[in-house]
Amino acid sequence: MIEYMDTTSEDYDEIADLAEKYLTHGSAIKEEIHRKDAEGRYFGVKAVEDGEIVGFYTYVDDIIEFTVPHPELEQRIAELAGDEKIITGDAIFISPNHQRRGIGMEVSRRVSEHARRRGGKLFITEAWVHPDGSIPSRKAFLCNGEVVFEETIPMFYQGLDQLGLECPICGKNCVCGAQIQVHRL
């Protein structure tokens, strides 16, 4: 049976290991997660089965932050938000053996509730667009609320290697795009 609960600081090494194994590769991930946690900005929901994390959705509180910085896009979203509190989705992961069971939708729904309780009004999602055009996390992100802004950006992750990270699909020279959405919580 899957249990859902808030993430805690004790989970972040395991979450970083899963993110590095299945999502963006690179040792900088663990340092980033612990930095955000130390700042009091890192939160999330985990799905647990038999004591093992089989899925999670984490976010960063009150900041616009993408995997690869895009200052112009960040500025446009900040202008859209005005004084409304922004939450930025950090990472969503469902174990390959647990996909297509509704876990992604459930952690997304719970993260949205969590973000609303923290005063969030807008929630930013950054969906990886694979070279074949597929967007694996798109369906789960529908649970984050009404889309008030959307832009798909080709080659969004170009420069990932300069951050000490590597695309799980392309390797060091990433050609993947991203679909950025801002949801009203």
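Mentor: The protein has five helices and seven strands, where helices (H or I, at least four residues) and strands (E, at least two) are DSSP runs numbered from the N terminus. This is a predicted model, in which local features need pLDDT of at least 70, side-chain atom pairs count only at pLDDT 80 or more, and totals for chains, interfaces and linings use all residues. Residues are numbered from 1 along each chain as its sequence is written, and side-chain values use heavy atoms, with hydrogens and water left out.

Trainee: Which pattern does the protein follow along the sequence?

Mentor: The order is β-α-α-β-β-α-β-α-β-α-β-β. The radius of gyration is 15 Å, close to the 16 Å that the globule rule gives for 185 residues, so the protein is as compact as a globular protein of that length. This radius is taken over C-alpha atoms, and the rule is 2.2 Å times the number of residues to the power 0.38. Along its principal axes, the C-alpha trace spans about 45 × 35 × 30 Å.

Trainee: How is confidence to be read?

Mentor: pLDDT is the predictor's confidence in each residue, from 0 to 100. Where pLDDT is low, the predicted coordinates should not be read in detail. Here the average is 93, and 100% of the residues score at least 70. Confidence is lowest in helix 5 (residues 138-141), with a mean of 88, and highest in strand 1 (residues 3-6), at 98.

Trainee: What percentage of the 185 residues is buried?

Mentor: Buried means under 20% relative accessible area, exposed over 50%, and partly exposed in between (1.4 Å probe, protein chains only). Buried residues make up 48% of the 185.

Trainee: How should I read contacts along the chain?

Mentor: A contact means heavy atoms within 4.5 Å. Of the contacts in the protein with a separation of 6 or more, 74% are between residues 24 or more positions apart.

Trainee: Is Asp61 buried or exposed?

Mentor: Asp61, which lies in strand 3 (residues 52-61), counts as buried because its relative accessibility is 7%. Leaving aside neighbours within four places in sequence, Asp61 is in contact with Arg41, Phe43, Lys85, Ile86, Ile87 and Arg118. Asp61 and Asn144 are 83 residues apart in sequence, and their C-alpha atoms are 15 Å apart in space.

Trainee: Where is Met155 found?

Mentor: Met155 is in the loop between strand 6 (146-153) and strand 7 (177-184). Met155 has a positive phi of about 55 degrees and is not a glycine. With a relative accessible area of 33%, Met155 is partly exposed.

Trainee: How may sequence separation be set beside distance in space?

Mentor: One takes a pair of residues and reads both values. Ala78, in helix 3, and Ile64 are 14 residues apart along the chain, and their C-alpha atoms are separated by 7.7 Å. Asp62 and Asp13 are 49 residues apart in sequence and 23 Å apart in space, C-alpha to C-alpha.
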